[in-house]
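The following questions and answers examine a predicted model. The sequence and structure are shown first.

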Amino acid sequence: MTPPAIDDRPRRAEQDLPAFVTSRMHEWYVERVAKLHGGSPLHVWCPSQADPVLLAGNDYLCLAREHSLTRAQASVLEQAAGEMLMSAVFLQPGSAQFRLEERLAAFMGAEDGILSQSGWSANVGLMQAICGPDVPVYLDMMAHASLWEGVLTAQAEAVPFLHNDVEHLRRQVVRHGRGVIVVDALYSTNGSVAPLADLVEVAEAHGCILVVDESHSLGTHGPRGAGLVVELGLAERVHFRTVSLAKAFAGRAGFITCSSEFKGYFPSAARPAIFSSCLLSHELAWFEAALDFIAGADERRATLREHTRFVRAGLRELGYNIDDGSEQIIALEAGSEPQTLVVRNALDKRGIYGAVFCAPATAKNRSLVRLTLNAGLTRAELERLLAACADMRAEVDLENWSSTRRQRRLTLV
């Protein structure tokens, strides 16, 4: 049967949507896409040129292309005779998922751990399990949206503090009292690193719980890739670490480090744990193989650090203000969404593809193109990136970016 043409598809249900939905859709399509973006949504890529330089993914160590990992997963799929699809609440000690949780926890220097369906569900579930009404939760203003969402669903009191500003955090804790401090180890929009040792001291001095999201540092930082908390010797002083395993581990799951006692309690309090299915056997097989690979990937981590130093030094020399961060995530912050669209198009035209971040992923008028480096990039590709950024400076009006103006103000001070 020939499928109906696009214009012949039924549209009745959409036409019947009430105004409280259609008005929001109108705001997006008309006010934002048509008027602000000139009809070109910020997140829509142009067709790839030949041999593009792809800098939009989070597979920092290039595991997705490793045949040993895909073979491990394929082998399980080929041999599978069916399995029980059920909530992880019903899993028993000794199950394959429990065994992987124990391995991941040991890798991160923790007593125990909990796998979830994603980093988002890990963060939301953890906040629901440790927060509640009238509990102040101190969030770095750049903490991942999933952490803010978790605080909201737990009906706790969100108390923001300025990014990486330990003194502001301290004042907020003194004012609002004992609670939960929530930060990213490595921030996903600009590559900045949290002052973890200072944050631990604040948490201990005021009896607060400390939660550190290691999504962008597990695998890439620390001994054998165990993360920044382990690198700094703080594993026994940070109460909980959360991870999206969709970054350096190149899979689809989340993880929380915790005590064995907390692990037994968690499924009774976290809705993502209660109402989501457990991971499947082939997913577990991927992470088993990925864990072994990452533990032995020191050479790739060194390559990633060298790429980071090379690109950041080159961009600084070209006049780009990237000093908010220091790691493999690099932000080209133009400021407004129309300015960022110009940057994206200029990069696309030169075969460089990054990821656009704008509100609500960033503050309003601090939108940016994020470039994420990986260990598999060649020196020629890195030089193409720098050549593109050199060539487009006038085209993108670099002198009038918000980050450039901020740098000038700091220089004057």
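Two strands pair if DSSP finds at least two bridges between them; helices (H or I, at least four residues) and strands (E, at least two) are DSSP runs, numbered from the N terminus. Residues are numbered from 1 along each chain as its sequence is written, and side-chain values use heavy atoms, with hydrogens and water left out. In this predicted model, local features need pLDDT of at least 70 and side-chain atom pairs count only at pLDDT 80 or more, whereas totals for chains, interfaces and linings use all residues.

Q: Which strands stand at the edges of the open sheet of seven strands?
A: The pairing in this sheet is mixed, and its order is β2-β8-β7-β6-β5-β3-β4. From one strand to the next, the twist averages 20 degrees. One side of each edge strand is left without a neighbour in the sheet, because each has a single partner strand; these strands are β2 (112-116) and β4.

Q: Which residue of β6 is the bridge partner of isoleucine 181?
A: Strand β6 (residues 209-213) pairs with β5 in the parallel sense, over five bridges. Within β6, the partner of isoleucine 181 is leucine 210.

Q: What angle does the direction of helix α7 make with that of β4?
A: Helix α5 (residues 119-130) packs on the sheet and touches β2, β5, β6, β7 (240-244) and β8 (254-258), where contact means heavy atoms within 4.5 Å. The direction of α5 makes about 155 degrees with that of β7; angles run from 0 to 180 degrees between N-to-C directions, and axes are lines fitted to C-alpha atoms, for helices over the stretch in contact. Helix α7 (residues 166-176) also packs on the sheet, touching β3, β4 and β5, and its angle with β4 is about 150 degrees.

Q: Is strand β3 largely enclosed or exposed, and how many of its residues are buried?
A: Buried means under 20% relative accessible area, exposed over 50% and partly exposed in between (1.4 Å probe, protein chains only). Pro136, Tyr138 and Asp140 point one way from β3, while Val137 and Leu139 point the other way. Strand β3 (residues 136-140) is largely enclosed by the rest of the structure, because its buried residues number five of the five.

Q: Which residue of β4 is the bridge partner of proline 136?
A: Strand β4 (residues 157-161) runs parallel to β3, and five bridges join the two. Proline 136 has as its partner in β4 glutamate 157.

Q: How are the axes of α4 and α12 oriented relative to each other?
A: Helix α4 (residues 96-107) and helix α12 (residues 281-295) pack with their axes 10 Å apart, at an angle of about 20 degrees. Angles under 35 degrees count as roughly parallel, over 145 as roughly antiparallel, 65 to 115 as roughly perpendicular and the rest as oblique. The two helices are therefore roughly parallel.

Q: Does threonine 189 count as buried or exposed?
A: Threonine 189 lies in the loop between β5 (180-184) and α8 (196-205). Not counting residues up to four places away in sequence, threonine 189 touches several residues, including Met142, Ile329, Phe357 and Arg370. Because its relative accessibility is 10%, threonine 189 counts as buried.
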